[in-house]
Amino acid sequence: REEEGILVPPDDIPALARALGRLLVSPELRARLGAAGHRRAATEFSVATMVDEYYEAYGMPVRRLAAR
């Protein structure tokens, strides 16, 4: 499914060319994929989300450093 991008197999240059061709001729597809990617980036990679993720991954060392 093409929700946030177009996947092509690795090393498949003709498939990549077809995907790029579709993007070149379809402003609607570019806009839809771009908007979906922007929404994902805004939610999954926001400062708040990244702080939460880093804290979850490194919370104990951060707590120890903060206690010093």
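This is a predicted model: local features need pLDDT of at least 70, side-chain atom pairs count only at pLDDT 80 or more; totals for chains, interfaces and linings use all residues.
A residue counts as buried under 20% relative accessible area, as exposed over 50%, and as partly exposed in between. Arg40 has a relative accessibility of 37%, so Arg40 is partly exposed.

## Overall make-up

The chain has three helices and zero strands. Read from the N terminus, the order of elements is α-α-α. The chain holds 68 residues, and buried ones make up 10% of them. Its accessible surface comes to about 5800 Å². Carbon and sulfur atoms account for 63% of that surface.

## Salt bridges around Arg40

How many salt bridges are there? The count comes to two. Arg40 takes part in one with Glu4, where the N to O distance is 3.1 Å. Glu4 sits in the segment before H1, while Arg40 belongs to helix H2 (residues 27-44), so this pair ties together parts that are 36 residues apart in sequence.

Arg40 also forms a salt bridge with Glu44. Here the closest N and O atoms are 3.2 Å apart. Glu44 and Arg40 both lie in helix H2, four residues apart, which means that about one helical turn separates them. Together, Glu4, Arg40 and Glu44 are linked in a network of salt bridges.

What are the relative accessibilities of Glu4 and Glu44? Glu4 stands at 38% and counts as partly exposed. Glu44 stands at 39% and is also partly exposed.

The table sets out the two pairs.

| Salt bridge | N to O distance |
|---|---|
| Glu4 with Arg40 | 3.1 Å |
| Glu44 with Arg40 | 3.2 Å |

## Packing of H1 on H2

Two packed helices are described by the angle between their axes and by the distance between those axes. For H1 and H2, the angle is about 100 degrees and the axes are 5 Å apart. Angles of 65 to 115 degrees count as roughly perpendicular, so H1 is roughly perpendicular to H2.

Which residues meet in this contact? From H1 come Arg22, Leu23, Leu24 and Val25. From H2 come Pro27, Leu29, Arg30 and Leu33. By class, the contact of H1 with H2 has six nonpolar residues, no polar ones and two charged ones.

## Two arginines in H1

Arg22 is found in helix H1 and is one of the residues that meet H2. Its relative accessible area is 36%, so Arg22 is partly exposed. With neighbours within four places in sequence left aside, Arg22 is in contact with Glu2, Ile6 and Leu29. Ile6 lies 16 residues from Arg22 along the chain, and their C-alpha atoms are separated by 9.7 Å.

Arg18 also lies in helix H1, which covers residues 13-25. Is Arg18 buried or exposed? Its relative accessibility is 53%; the cut-off for exposed is over 50%, so Arg18 counts as exposed. Arg18 and Val8 are ten residues apart in sequence. From C-alpha to C-alpha, Arg18 and Val8 are 9.3 Å apart in space.

Key
Residues are numbered from 1 along each chain as its sequence is written. Side-chain values use heavy atoms; hydrogens and water are left out. Buried means under 20% relative accessible area, exposed over 50%, partly exposed in between (1.4 Å probe, protein chains only). A salt bridge is a side-chain nitrogen of Lys or Arg within 4 Å of a carboxyl oxygen of Asp or Glu. Axes are lines fitted to C-alpha atoms, for helices over the stretch in contact, and angles run from 0 to 180 degrees between N-to-C directions. Angles under 35 degrees count as roughly parallel, over 145 as roughly antiparallel, 65 to 115 as roughly perpendicular and the rest as oblique. Contact means heavy atoms within 4.5 Å. Ala, Val, Leu, Ile, Met, Phe, Trp, Tyr, Cys and Pro count as nonpolar, Asp, Glu, Lys and Arg as charged, and the others, Gly among them, as polar. Accessible areas come from the Shrake-Rupley method with a 1.4 Å probe; for residues, only the protein chains shown count as cover.
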